[in-house]
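Please have the view open while I talk.

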Amino acid sequence: MIRGLLRSARLYARDYGSKTEGLTLAAGLLLGKDEVIADLLPAYKTDAVVRRDDLDRYDDRLIVRTNLIDAYEQLSAFMRKSLPDSFHAENGTAVSARDWIVRELVSNILVHREYSSPVPAQIIISDEGIETRNASRPVFEGEIDLDNFTPVPKNPVIADVFMQIGLAEELGSGVRNLMKYTKLYSGGEPRFHDGLVFTAFVPVRERDAEHENKVGRKSGEVADVAAISIEDAVKRLLSRHDEITIAQIAQLSGSDVRAVRRKVGRLVEKGYLVALGRTRNRRYMKAEETVSH
């Protein structure tokens, strides 16, 4: 009976060359023990890191080498604990946009990977967003136009099993879900690039910047319509607040968060600013206004 179930799932097949039957590589990946998978695919692993404070190394890390079912659970739990959550009403029911994003990113990196490649898969969580990278067999190279996108199954047997057990959607639905729930989660849009390495990026900071801007306005800050330089935005904010954040600077200057972070880093190196705290809510103040404790 078990063999029949595995055969119907295309996890047990006949080699018509040797006339032998046995479990497929997909079966090993989906259900095998760690030592079996290590023998089959020595380079297989997924490396997940949180990189917010220690940009050279990491703040938290998980390396997964287990079967794909267990890998899905471990990676999903790691991402959920590392990302803020917010609920939204959908047809009268509360849903977690974060959980949907995690679900689609993790299932994508496990289902659509080129497992013969020695390139390890990666999940990187930063202040700006979530980036995933995995080896691919591209039909074309370049940015994916989500309005003119034809999904191609990379590992149809693995994809079918994930869909049957409720860990993935039908082909193409995952991209639509990411579009929908990223907009709910951060107000941004995901980006995808296919090639020998497939990358996906989901922004997570835009909602924070919007929130801080609203808080600033409530406390008497006047919004500036015209974009200004990052350095001018820093000076203007410091004239109104004792402490400021990257998100406030980005909002006022209209600049990309990564560009703001680089500029602020240089201002810290020059001694103009001092960083306070080692969390994702790090703040900055003028160097001469710091006090000793």
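Predicted model: local features only at pLDDT ≥ 70, side-chain atom pairs only at ≥ 80, totals over all residues.

Where is the place of leucine 25? Leucine 25 is in helix H2, residues 25-31, where helices (H or I, at least four residues) and strands (E, at least two) are DSSP runs numbered from the N terminus. Residues are numbered from 1 along each chain as its sequence is written, and side-chain values use heavy atoms, with hydrogens and water left out.

Leucine 25 has 43% relative accessibility and therefore counts as partly exposed, given that buried means under 20% relative accessible area, exposed over 50%, and partly exposed in between, with a 1.4 Å probe and protein chains only.

Let me turn to the aromatic rings. The whole structure holds four aromatic pairs, a pair being rings of Phe, Tyr and Trp (its six-membered ring) with centres within 6.5 Å, called stacked if the planes are under 30 degrees apart, edge-to-face if over 60, and tilted for the rest. One of them joins tyrosine 44 and tyrosine 115, whose ring centres are 6.0 Å apart with the planes at 50°, so this pair is tilted. Because tyrosine 44 lies in the loop between helix H3 (34-40) and strand S3 (46-50), and tyrosine 115 in the loop between helix H5 (97-111) and strand S7 (121-125), the pair ties together parts that are 71 residues apart in sequence. Tyrosine 44 and tyrosine 115 are both buried.

Another aromatic pair, tyrosine 72 with phenylalanine 162, is edge-to-face, at 6.2 Å centre to centre and 80° between the planes. Here tyrosine 72 belongs to helix H4 (residues 68-82) and phenylalanine 162 to helix H6 (residues 156-164), so the parts tied together are 90 residues apart in sequence. Tyrosine 72 and phenylalanine 162 are buried as well.

Finally, the sheet. It is open, with seven strands in the order S4-S3-S7-S8-S11-S10-S9 and mixed pairing, and two strands pair if DSSP finds at least two bridges between them. At the edges are strand S4 (60-64) and strand S9 (142-143), each of which pairs on one side only. S9 runs antiparallel to strand S10 (residues 191-194), joined by two bridges, with glutamate 143 opposite histidine 193 and glycine 142 opposite aspartate 194. Histidine 193 also has threonine 199 in S11 as a bridge partner, and a hairpin through two residues joins S10 to S11.
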